[in-house]
Structures are given as structure tokens and as C-alpha cells.
There are 2 protein chains.
Amino acid sequence: MQRPLSQDRPLSGVTVLDLTHVLSGPFCTMILADMGARVIKVERPGEGDEARGFGPFMQTSQGASSGYFFSVNRGKESIALDLKNEQDRDILERMLAQTDVLVENFKPGAMDRLGLGWETLSSQYPQLVMCSVSGFGQTGPYRSLPAYDLVVQAMGGIISLTGPEGGPPVRVGTSVGDLCAGLYAAIGILAALHERVRTGRGSYVDIAMLDVQAAMLENAVARYQVDGKVPGPVGLRHPTVSPFGAFRAKDGALTIAVGSDAMFEQLCRSLGWPEGGRDPRYCTNAGRTEHLAELTAEMERQLQAATVDEWLVRLRADGIPCGPVNDIAQVLRDPQLRARDMFVDLPVEGDRSMTVVGTPLRFVGRAAPEYRPAPRLDQHRDALIAEFGANNNEERSAA
Amino acid sequence: MQRPLSQDRPLSGVTVLDLTHVLSGPFCTMILADMGARVIKVERPGEGDEARGFGPFMQTSQGASSGYFFSVNRGKESIALDLKNEQDRDILERMLAQTDVLVENFKPGAMDRLGLGWETLSSQYPQLVMCSVSGFGQTGPYRSLPAYDLVVQAMGGIISLTGPEGGPPVRVGTSVGDLCAGLYAAIGILAALHERVRTGRGSYVDIAMLDVQAAMLENAVARYQVDGKVPGPVGLRHPTVSPFGAFRAKDGALTIAVGSDAMFEQLCRSLGWPEGGRDPRYCTNAGRTEHLAELTAEMERQLQAATVDEWLVRLRADGIPCGPVNDIAQVLRDPQLRARDMFVDLPVEGDRSMTVVGTPLRFVGRAAPEYRPAPRLDQHRDALIAEFGANNNEERSAA
């Protein structure tokens, strides 16, 4: 009953003109490319996307190559265009006429100054979907302020919730300010493409990194309103459910997440400490949360008897949600991620390759995603000029 | 030249049958509802979505109401159905026949056991787009293991990157394991809807929270491969760019993010410490990173002269990327988020209202998003039965 694997991809036939740089925009367009969209990255002549200058650098026979750039630009074509040069601008306009989606993440106002603002573009190309990603959005008092991931993480509140209990707040260790804005940008673009089928018209999606941070505060806003206390960092544990955190075993820590009284009793049996499940202090979640320090000490006394790996086998068999606390080296070896083909080796410059993390967007019954390496600056110039250049384009129109 | 505001929404006309609970799935379907999709939430009779039992609770004249549930279920309709009861099952099937998207986040295998697996549903409803969100995905050795946000955050590596420098790793203070899986689910669903226009067929999107965590490790995987060092937590600062972190002023901390030598010179002038910009230790990013402790001490000596708000005015005027480190109370007062209408008061039970964070998906030139409160359990039963119930449906087919 298995249908044959389809080579078609969900976004086959969609062309994206990518005027983005560094992280939020490129992450968005990489996601679109992973699903089969054609992404044409327009870069500044000379240096290109400034992320090409960000470490870590891989040494190849062609010189240093940015691992930072490589990890968010796979599957794209590159052309270097000076948007203030008439001839280059002409190429851009010819590409725009055949583009479904334009994505940019300059500071608000920059596209207008280039004559590429939404009002102008939508009157020329009414089918165009445009998305701008910026720190603070296209409106509001902060619209023209510069922002980096750190700035919006701190302004958006997530830093105030992250860190050791009572200790200093810390930044989330990845650029979730950029990455999550890129995810919302992809959602907005796809919703606009969906609507275009009905209306025949594109639309303009305005994504602000700060808005996105606020939208992802989860229940912290509700907690603050209900109990009036400003939520702070709580380390590794859950603020209101116990035991729900990391606990030390013989050779390291593992997470254990117990969501019910019955599961707590099972955990105690699994730990070889059945009396814990009958202790009146620990019978309810409220009691376990109140006596968490003693409970943690008791649990860790039992956990000292075996290694993390041994405990994971035992606890998983007993249905307890648990797992290792993996560092990056361990993540790269994780058997589940390996089984899901989440790591992909891509050639960098012929002689070197690099492992990148694949797409988590899995369309069941389809051929595996095809990944192509990130482009060298201007790598696809000749092909793109041939395809979109003046003469060729006229021939095409005449055909 | 302003076009009139359109009342139409990007996903107007899309019907989503929502079999999800707690967080990742409901967050996904809320995003779809915010863009105009009709979301029908099918809940267990009796208790409904278990998040209805999660604090914080608002006291209303109708009893305690979960702020947790309320903050991720706005704009949905609710019907309680026992999927093992024949009559209720019949209602579900009638709804399925008119559904575009089915979303669920049970443990893998549960939908198959209910007779609602993808193979079955896609043969009955070939137009259906289905999305499953689970901890580890529908394939691989861990597919049937239970997972919570904490477990996948720890397995996926983000915890190993988050925390004070050299100190204990901590959990990200929001459930990014769930929330980001919900964002990817929305992306996959919208891409599948896009493809359906071309192919006439739905498809099945399999989202694993662990895959999503791996896909969002940003440059950590590249850094590990290039320099061979396992990245660890670095507190609030940037691992390789300085000064890029939080610094103490007279009454609190602010972030300052300097990305170039020229901007560092400007920062020193703005701080009233122009000699800093000429100090040979601090002329290059490498030097500033090497001497970060002394540099921080010097900067904080200057910053003691004024308050955070005073410094923000001065530094923003000088073009330095900077911002406050906001707690949740401060986020709710942020002038930019207020100007962007990111906070919305919604009635909870008539007599009480709650502030929720609105959508960051802004479609320019459209009417503002309309938000409706989260539903009471089974609130829309009568209307839904009338619309999809047996007799009514036959009449409709006959019409």
C-alpha cells in the first residue's frame, strides 16, 4: 500500500529572492530551500553577506571559509549585485518579475531608500510576497534602532527567566532572538503564499525580533498576572512541578521529569527506593516541591549506584520521562538523531566537508531532502545572468 | 495610495481539526487561528486538555480557570468527544470530511490505535494535511519514549550552551522545546497546504521536538567541528565578540553590543571615556576579548555615573546597539511592544480578563488581528453538532 516516493518537494516551483544577511533572514530562507524552494541570494559585491567574515573558519585549499555562513545558507544560489548600480539593478528587477517571495532584513527604511519599499514593489509586482525581518519592526518608536540577538533577548524577557536559581540571569546559549524570528518569517511567508492563491495578490509581512520574543514567553505572562510575582530564573528545574530537573548519577547528570503522583511512585520503585513513594512529604506535587532539597538528596543517593547510561535504560523501561544532558559532541552521536538522518555531511570546497544539521520538516512518504552546500560568493552569476539577463529575457518573452 | 484595510485573513477558509494538548500542538494551532484559520479543538470529555488543570489559576465567578491553558488556546472552538464512542466518532468523521488540517501530539502509535493513523485517514480523505508533533518523532529507536520539554532541551544540547560561564548549565526559562516544535509544525502544515494546491493531495508532516532542538543549535555544531572544543555556557556575553553582553550602570544592568572597532571608539566617546578607544589593548576585537575583564571594569566605572534609562537615551542617540534587561513586568510596559499592540486583554469568564501576548505575524495594510478568548470545555458543542451532526449533514449533502 506504500505509494512511491515523490521527488517533488512541497515548495517546488517557488522562487525566493533573498536579500538577507547574517542570521534571522538566512535561517528563514534556508528553511524554504530545504522544502524545495529556489532561493537566490543577492549579496554585496566584494564581501558578500557579512556572515562570510564570521568565525569559525574552516581552512580549505581555497582559503578560509566561514562555518557560520555555511551552516545557514545551504541550498542557495549566490549572485553579487550592487543595488545602486544601474546594470545590476536591472538584473534584480528582471529577477523580481519572476519572483514569488522577497525576504530582507536590513534596518527599516533601507529598502525604501533603495527604491525597493513595499509600496513601490507591490505596485510593480502585485503577485509578490515580501517579508522584512528587523529588530523592532517597521513601526513604533524603536523602529530605527539597531538590534542584535542579545539586545532583543534581554528586552523581550527571556533572559530574566533563564539562569541559576537566585543567580545571575544569562543569555540563551543560541541566538533564539534571530532563529525564532526566522521561523515566524517562514510562517508569515507561507501564509501569504496560501492567500495569494485565493486573491491573486501578494502581501507584506513585517516581523520584529522583539515581538517574537514576547510571543514566546509562554506562561510567564499569565503567572505574573495571577500571582503578582515577577518570575525569575529557576536553573534547570520546573518552576511548579517536582521532581522535574537534572539529577546527579555516578558519572554525570540526567534529567528526570515526573508529572504525576503515580509516576513518582514508579520512579521510587525504579530507583530501588520504594519507601520514597510512601513518604507523606512526597505524596503530592505540592509536598515534593516544598521538600525538593531533601527529595533531591534522597534521589541522588540512589542515583549514585549507577551511571547515567545504566539509569536511562532502567528508567526508560519503566516509562519514566528522562534523558541525558548532552553536550554538542554527544548530540552529534545521539542514536535517535542519527536514525532520523538529522546530520548531513556537505562538501565545503571540494577538499573539505562539514557536518550540518538537516531539516526537522519531515514529509512522510517523500524522498529524503536533498541538500546542497552553501554557495561561494557570486557562484551562480553566469547562470543567473544567462537566465535573467536582458537579451535572454527578451528572447524568453518572445518565445 | 493606501489600499483599504482588508478584513480577510491569510488563512480565511482553512479548517483545522485540533487533537492536541498542553503546549507544542496548541501553540501551533493558535498561530494558525491568529491568521484566520478556523480551529476546532477536540478534547476528552470530563477533563479536556490536561493543560486546563495546570496553574496559574485565575479565580472567576465560574471557578478556577487555567491561565496556562488560556494563553495558548485563544480563538479556538471546543467540543468534547470520546474518540472510542461510536456516536462521537461519527461526529469526528463528519468533521474530518470538511477539514483541511489535522494536528495531533499524542505519543506515536496512539492515532493508529484509534484507527486514525495517516494511512487510514489519507485513503479516506486524500485532501487532508496531517501533522504529528512528538518528542522524538514517528521513527527511530526512541519513538515511543515519553518526552517533556526539559528532556528534549537537555538531549538536544541547548542546555549545555546555557548558563553562567564555567557554572552549571541551566534550562532555557521558557519551553522552547515545545514552542519551537509548534513553529516548525506550522511551517510544515502551511507548506503542505501550498503543495496541495498543485497536487490536489494532502501530506503528513512528522515533527520531532528533539530534531527541532538540533536544528536550532546555530553555529555551535560548526564551532565544535572547526576548533574541536566542546562549547559550554558563556553567561550573558557573546562567545567571540566583545564588548557584547550586560554591564552594570547606577541602578541596574543594560546590554551593549559592539560589533566593530569603529563602533567601539564611538562607545568610548559616548561613555565619556575617549581614551578607551585609543588603548592598544582594546583596538581590536581580539584584544577586547582577551582583556574583557579589565574592559568590563573600565566600562562599568563609567556606567556608574548614570542610570540605565539615562544611558539608553545617550547610547541610542549615538547609534550603539543597547537595551534594558527587562523582567516580565517591564516587558509588559515596553513602549515598542505597546506601540505594536502586542498585548491584548481578553475576557476570561465575563467578570475577569487576562492580558495575553498577541501575534507577531503582521500583515501590513490589513485590519488588526481579531482575538477571541480561549474556549470553555465543550463550549461550541451545540453549534458544531448542528453544523456537522448526522441529519444536518445529510441535508447539506442533499442540498
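The largest nonpolar core holds 243 residues, and A:Ala185, A:Ile187, B:Ala185 and B:Ile187 touch the most other members. A nonpolar core is a set of buried Ala, Val, Leu, Ile, Met, Phe, Trp, Tyr and Cys residues joined through C-beta atoms within 7 Å; buried denotes 20 or more other C-beta atoms within 10 Å of a residue's own, with C-beta atoms placed from the backbone. The model is predicted: local features need pLDDT of at least 70 and side-chain atom pairs count only at pLDDT 80 or more, whereas totals for chains, interfaces and linings use all residues. Residues are numbered from 1 along each chain as its sequence is written, and chains are lettered from A and ligands numbered from 1 in the order in which they are written.

Leaving aside residues up to four places away in sequence, A:Ala185 touches A:Cys28, A:Val103, A:Cys131, A:Val133, A:Val205 and A:Ile207.

The contact between the chains (C-beta atoms, placed from the backbone, within 7 Å) takes 126 residues from chain A and 126 residues from chain B. On the side of chain A that touches chain B, the largest share, 15 residues, comes from helix α7 of chain A, residues 176–199; helices are DSSP runs of H or I of at least four residues and strands are runs of E of at least two, numbered from the N terminus.

Strand β14 of chain A (residues 362–363) pairs with strand β8 of chain B (residues 204–208) in the antiparallel sense over two bridges, pairing requiring at least two bridges found by DSSP. B:Asp206 in β8(B) is the bridge partner of A:Arg362.

A rotation of 180 degrees with 0.0 Å of shift along its axis superposes chain A on chain B, with RMSD 0.0 Å, by least squares on the C-alpha atoms of residues with pLDDT of at least 70 in both. This is the relation of a two-fold axis. The same surface serves both copies, as 100% of the contact residues of chain A recur in chain B.

Methods. Buried ≥ 20, exposed ≤ 12 C-beta atoms within 10 Å, placed from the backbone. Contact = placed C-beta atoms within 7 Å.
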